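Please keep the sequence and the model at hand while reading.

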Amino acid sequence: MENQNESKQRSISIKEMSPLLMAIGIDLMGFALVFPVLTAMITSADSIVPNASHAYKSMLLSFGYFLYPLFMLFGASFLGDLSDNWGRKRTLSACMIGICVSFFLMTLGVYIKILSIFMIGRAFSGLMAGSQPVAQATVADLSQGTAKARNMSILAFVNSISFMIAPLIGGILSDPKVVPFFGFWTPFLFASLLGLITYFWVQFGFTESFQAKKAPIDWTRPVRVFKEAYQMKNVRLISFAFLVVQLGIALFLQYMVIFLNDKYHYSSLVMGLYYGYIGIFFSLSLLVIVPILVKRFTFEKLVMWSLLCTGLIILAAIIYQKEVFIWVMTALFGLSHNIAYAVLMTTFSNQVSQDKQGWVMGIYGSCIALGFALGGLTALLLPVFHTLGLIFLGACCYFASFILMAIFIKNHTLYGPNGPIPKKNKTE
């Protein structure tokens, strides 16, 4: 038993983690790679639906944005449960085959210009987006204590890097100015091939970390998890605040690039560069700023003020609509948003006991999926509110979350660098 505990305390080697990290990268690619490509192939001068009305293009964008997070909402929780029944390796392998097939369907749909096939592939990619919870479960299997925190931080860092790289890949591989035969279909084919390579990597480079157990799969879990969050007082308010934050970032990510495309005629390559630029500041925030701030400030107040700053940054970008200024504000947005995002994860964790960590992280993930699903639906409002109106709505989401966090701070235990802060000493 002592040897087993020592084994669990160690950090997982890079060799052991590499298939997991690759799987997470492919998983996030299903989300982030599509943003610049989908926006360009629907709204740009080279649109694959050039004669469609503005309202129809808005509907296509809405559907394309909406499908992935909707099916992710069900797929991630289902695949997490499945990994307890099948084991981590078999489930992760199934995710990679599913990702490979889904991207091939998107490739085919774009190449032959049948958008229904593309949308089926988009939905299927969301359904197969279970690599991250399975990877997190694997890390939990193989490590604990400080080793677990280090290993989880590596997964979070790969998330940020993947978000930075995936849109760049989408922008570069879809631009015929880079290579003449490139088109909107080539990024999806590339991702499909990466999914296939990762499948073999998992098969031959990953050792099963969990003894599968037979347990019933709860098909109602994606709905039930929100009901449970509502019933638990200290989780209810923070869940709603985080959901509104996710709607806010979805609105910013989706519509700022459309606004820049309309105003400055960005190609898919430049759109990809823009998203990659955001990813750089997401990563800087996670690596440099967050570790400094959490050692000095109350976590919940740090979240609250970061949310207010992010809303003000978005507001400034839409008031003073100069291209260089928008890019500067985007950098500040990436830094400020990721402070709130990273520290909110800790705040979620602090609301429950150790034996409920998996449950509360399930709520955290479900809020992300639902927030982006709702954000996708807002594309139907483009003909009425236009891009600036929807970006302004995103700023309002951050302001609303700021208010919710202020209410939360008044009625809940706060945490600082040294743990819980007694109510009579609620000072930083």
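Is Thr347 buried or exposed?

The model is a predicted one. In it, Thr347 is buried, because its relative accessible area is 0% and the cut-off for buried is under 20%. Thr347 belongs to helix α14, which covers residues 323–350. Apart from neighbours within four places in sequence, the residues in contact with Thr347 are Ile238, Phe299, Glu300, Val303 and Phe408.

Met405 has Ile238, Glu300 and Val303 among its contacts, and these residues also touch Thr347.

## The chain as a whole

The chain has 428 residues, and 54% of them count as buried. Its secondary structure consists of 16 helices and 2 strands. Taking contacts between residues at least 6 apart in sequence, 81% join residues at least 24 apart.

## The nonpolar core

The largest nonpolar core contains 123 residues. Met405 is one of the residues with the most contacts inside this core, together with Met41, Phe118, Phe188, Phe252 and Met256. Helix α11, residues 233–264, supplies the largest share of the core, with 19 residues.

## Packing of α11 against α12

How do helices α11 and α12 pack, and at what angle? The angle between α11 and helix α12 (residues 268–293) is about 140°, and their axes are 10 Å apart. α11 is therefore oblique to α12, since only angles over 145 degrees count as roughly antiparallel. The crossing of the two helices, α11 and α12, is right-handed.

On the α11 side, the contact is made by Ile249, Phe252, Leu253, Gln254, Met256, Val257, Leu260 and Asn261. On the α12 side, Met271, Tyr274, Tyr275, Ile278 and Phe282 take part. These residues divide into 11 nonpolar and 2 polar, with no charged residue. Phe252 and Met256 of α11 take part in this contact, and both are listed among the residues with the most contacts inside the largest nonpolar core.

## Ala94, a partly exposed residue

Ala94 is in helix α5, residues 88–111. Ala94 counts as partly exposed because its relative accessibility is 27%. Not counting residues up to four places away in sequence, Ala94 touches Trp86 and Met128. Ala94 and Met128 are 34 residues apart along the chain, and their C-alpha atoms are separated by 8.1 Å.

Terms used:
Residues are numbered from 1 along each chain as its sequence is written. This is a predicted model: local features need pLDDT of at least 70, side-chain atom pairs count only at pLDDT 80 or more; totals for chains, interfaces and linings use all residues. Side-chain values use heavy atoms; hydrogens and water are left out. A nonpolar core is a set of buried Ala, Val, Leu, Ile, Met, Phe, Trp, Tyr and Cys residues joined through side-chain atoms within 4.5 Å. Buried means under 20% relative accessible area, exposed over 50%, partly exposed in between (1.4 Å probe, protein chains only). Helices (H or I, at least four residues) and strands (E, at least two) are DSSP runs, numbered from the N terminus. Contact means heavy atoms within 4.5 Å. Axes are lines fitted to C-alpha atoms, for helices over the stretch in contact, and angles run from 0 to 180 degrees between N-to-C directions. Angles under 35 degrees count as roughly parallel, over 145 as roughly antiparallel, 65 to 115 as roughly perpendicular and the rest as oblique. A crossing is left-handed if the near helix is turned anticlockwise from the far one by less than a right angle, and right-handed if clockwise. Ala, Val, Leu, Ile, Met, Phe, Trp, Tyr, Cys and Pro count as nonpolar, Asp, Glu, Lys and Arg as charged, and the others, Gly among them, as polar.
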